[in-house]
Amino acid sequence: GFFTAIGCAPELIKTNRWLPAIWGGKIPQWRDPEESQTFTTAVTVAYNDTVTHLSQPPFKAMFNQYKEEGMTHPVVEQWCAGFLRGYTLWQPLEGLDKMAMEEQMEPISLFATEEGVKHQEGLNTDEITKWRQRIEPAADRIYQMFTEQREAVAQPVERIAPKVGRNEPCPCGSGKKYKKCCMQ
């Protein structure tokens, strides 16, 4: 869930910001640089794998599972708690983005907050199952909500005005060469 939230963010959250968040803000003491590199590589691969799955809907979360009476059930609470931890690293949202995000976060919050757990007490098994089934589509929608923003940041800036050469007249109209006027 943590990597899903990082991958869904409207802006790129750099590794040096989210990696310490895995341990609550502190980087562990590694026995040697190789151990650190092995772990960093593993979590980076997991993050990249998650982002790849997000970009190819429908998103399928990696929930833990338990078996009961011959049936397999997803354990969504840990995934949802991880999503909320990753979400805390986002820049604050405003306006319509904030409102839309609150709506999409409902199924995730239901399984990851004290308020949500209290709300579950009033739900029957079928209703809880339906809420669980809303988590993955919500993650899909959150990712899609901010796709344009993420892609806009990744696009190179294109020059609109032609480049002014050093020895050409300055575009400010002074009559001087650019190198002797505005270039300084």
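**Close-up views of charged side chains in a predicted model**

**View A. Surroundings of D140.** Leaving aside neighbours within four places in sequence, D140 in this predicted model is in contact with L54, P57, P58 and F59. The residue belongs to helix α8, which covers residues 135–145. D140 is buried yet takes part in no salt bridge, and the nearest side chain of opposite charge, that of R141, is 7.3 Å away.

**View B. The pair E136 and K60.** A salt bridge joins E136 to K60, with 3.9 Å between the closest N and O atoms. E136 lies in helix α8 and K60 in the loop between α3 (33–54) and β1 (64–68), so the pair ties together parts that are 76 residues apart in sequence. E136 is buried, with a relative accessible area of 15%, whereas K60 counts as exposed at 60% relative accessibility.

**View C. The pair E106 and R134.** E106 forms a salt bridge with R134, and the closest N and O atoms are 3.9 Å apart. This pair links distant parts of the chain, with E106 in helix α5 (residues 95–112) and R134 in the loop between α7 (125–133) and α8, 28 residues apart. E106 is partly exposed, its relative accessible area being 41%, and R134 also counts as partly exposed, at 32% relative accessibility.

**View D. The pair R31 and E35.** In the salt bridge between R31 and E35, the closest N and O atoms are 2.9 Å apart. R31 is exposed, with a relative accessible area of 72%, while E35 is partly exposed, with a relative accessible area of 23%. A search of the whole structure finds 3 salt bridges.

Key:
Residues numbered from 1 in each chain as written. Predicted model: local features only at pLDDT ≥ 70, side-chain atom pairs only at ≥ 80, totals over all residues. Heavy atoms only, no water. Helix = DSSP H or I, 4+ residues; strand = E, 2+ residues; numbered from the N terminus. Buried < 20%, exposed > 50% of the residue type's maximum accessible area, 1.4 Å probe, protein only. Lys, Arg positive; Asp, Glu negative; His and termini not counted. Salt bridge = Lys/Arg side-chain N within 4 Å of Asp/Glu carboxyl O. Contact = heavy atoms within 4.5 Å.
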